[in-house]
Amino acid sequence: MLGNSHFYNRTIRKIVVAFGSMFNDITLVRYNKDGTTPKESFKVPLSYGPKEKYLTKLTSDPDLIKSVNVVVPRISFELVSMEYDPTRKLLTTNQNFAKESASSLKTQYSPIPYNFEFNLSVYVRNTEDGTQIIEQILPFFTPDFIVTVDLIPSMNKKYDIPILLNSVTTNVEYEGDTYSTRLITWDMSFTVKGYMFPPVKTGSKIIGGYNANTGHIVTGK
């Protein structure tokens with residue numbers, strides 16, 4: 001596009017992976033009737049996909065005992081939108097530099113700020129499971145949490161990416177009367193303040209100095 005050869009920085013993929021990795025080690029512990037002795041402990045499965053898909057699979061099995069991969073508790077997340085953020089715009093002509101060889105550099109113009117909107121949903125059968133999972137997430141967002149991501153490895157430059165928690169809501173679906181709980185969902189929305197990057201250019205000469213006698217710039221060897 002615009003005269004540039006093909007390039008692919010995998011920025012969106014890296015941001016999706018970075019976001020999901022924050023929630024892939026949540027553990028749920030169930031206790032005996034005394035409320036203090038652990039009875040069982042397991043890692044809560046995390047998947048990428050729209051909430052509607054998981055609700056369809058879960059509610060198609062009223063007893064939630066189907067021997068398939070979709071079981072509760074479970075967490076899913078999805079990238080739902082991207083929006084340019086003019087408040088974080090840098091000077092367009094700024095460039096980053098990285099050494100390519102003894103005599104040349106790699107260059108890249110300033111990244112373009114974008115906000116990535118994510119939805120994350122927690123599916124549980126009982127209230128205690130849901131609040132236990134939520135309480136392992138909320139304390140880390142005040143209201144943001146910063147992760148460091150190596151978005152452009154070839155430029156040897158890592159970026160601190162703020163992730164903001166915007167809202168938390170819960171919903172209870174009932175089976176039959178209002179005393180028979182079928183499924184509880186917790187929905188959270190996040191904003192990831194990331195970037196999109198232009199192509200990396202190669203072959204720029206390293207300036208070794210300036211010859212005052214000739215008025216010429218001396219490039220590196």
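Student: In this predicted model, is Ser121 buried or exposed?
Tutor: Good place to begin. Ser121 is found in strand S7, which covers residues 112–124. Residues count as buried under 20% relative accessible area. Ser121 has a relative accessible area of 4%, so the residue is buried.

Student: Which side chain makes a polar contact with the side chain of Ser121?
Tutor: Start with the surroundings. Leaving aside neighbours within four places in sequence, Ser121 is in contact with Lys51, Arg74, Ile75, Ser76, Trp186 and Asp187. The polar contact between side chains spans 2.7 Å, and the partner of Ser121 is Asp187.

Student: Let's step back to the whole chain. How many helices and strands does the protein chain have?
Tutor: Happy to zoom out. Buried residues account for 37% of the 221 residues in the protein chain. Among contacts between residues at least 6 apart in sequence, 68% join residues at least 24 apart. As for the elements, the protein chain has three helices and 13 strands.

Student: In which sense do S1 and S2 pair?
Tutor: These two strands form a hairpin with six residues between them, and Gly35 in the turn has a positive phi of about 80°. Across the pair, Tyr31 stands opposite Pro38 in S2. S1 and S2 are joined over five bridges, and the sense is antiparallel.

Student: Which residue forms a salt bridge with Glu40?
Tutor: Side chains of opposite charge can pair when their charged atoms come close. Glu40 lies in strand S2 (residues 38–43) and its partner in strand S1, 10 residues apart. The closest N and O atoms are 3.2 Å apart, and the partner is Arg30.

Student: How many salt bridges does the structure hold, the one of Glu40 and Arg30 included?
Tutor: Two others meet at Asp85. Arg88 forms a salt bridge with Asp85, with the closest N and O atoms 2.8 Å apart, and the side chains of Lys193 and Asp85 meet in another at 3.7 Å, N to O. The structure's total is five.

Student: How many residues apart in sequence are the parts that Lys193 and Asp85 tie together?
Tutor: Look at where each one sits. Lys193 lies in strand S10, whereas Asp85 is in the loop between strand S4 (74–84) and strand S5 (95–99). Lys193 is partly exposed, with a relative accessible area of 21%, while Asp85 is buried at 5%. The pair therefore ties together parts whose separation in sequence is 108 residues.

Student: Over the ring of which residue does the charged end of Arg88 sit?
Tutor: At 17% relative accessibility, Arg88 counts as buried. Its charged end is 5.1 Å from the centre of the ring, which belongs to Tyr195.

Student: On to the aromatics. Are the rings of Phe23 and Phe190 stacked, edge-to-face or tilted?
Tutor: A pair of aromatic rings is described by the distance of the centres and the angle of the planes. Planes under 30 degrees apart count as stacked and over 60 as edge-to-face. The centres of Phe23 and Phe190 are 5.7 Å apart and the planes are at 55°, so the pair is tilted.

Student: In which strand does Phe190, the partner of Phe23, lie?
Tutor: Phe23 counts as buried at 2% relative accessibility, and Phe190 is buried at 0%. Phe23 lies in the loop between helix H1 (11–21) and strand S1 (27–31), and the pair ties together parts that are 167 residues apart in sequence, because Phe190 lies in strand S10.

Student: How many aromatic pairs does the structure hold?
Tutor: The pair we just discussed belongs to a wider group. Ring pairs link Phe19, Phe23, Tyr48, Phe77, Phe118, Phe141, Phe145 and Phe190 into a cluster. For the structure, the number of aromatic pairs is 12.

How values were computed:
Residues numbered from 1 in each chain as written. Predicted model: local features only at pLDDT ≥ 70, side-chain atom pairs only at ≥ 80, totals over all residues. Heavy atoms only, no water. Phe/Tyr/Trp six-rings, centres within 6.5 Å; stacked < 30°, edge-to-face > 60°. Helix = DSSP H or I, 4+ residues; strand = E, 2+ residues; numbered from the N terminus. Buried < 20%, exposed > 50% of the residue type's maximum accessible area, 1.4 Å probe, protein only. Lys NZ or Arg CZ within 6 Å of the ring centre and 35° of its normal. Salt bridge = Lys/Arg side-chain N within 4 Å of Asp/Glu carboxyl O. Polar contact = N/O pair within 3.5 Å; in protein donor to acceptor, adjacent residues only side chain to side chain. Contact = heavy atoms within 4.5 Å. Pairing = 2+ DSSP bridges.
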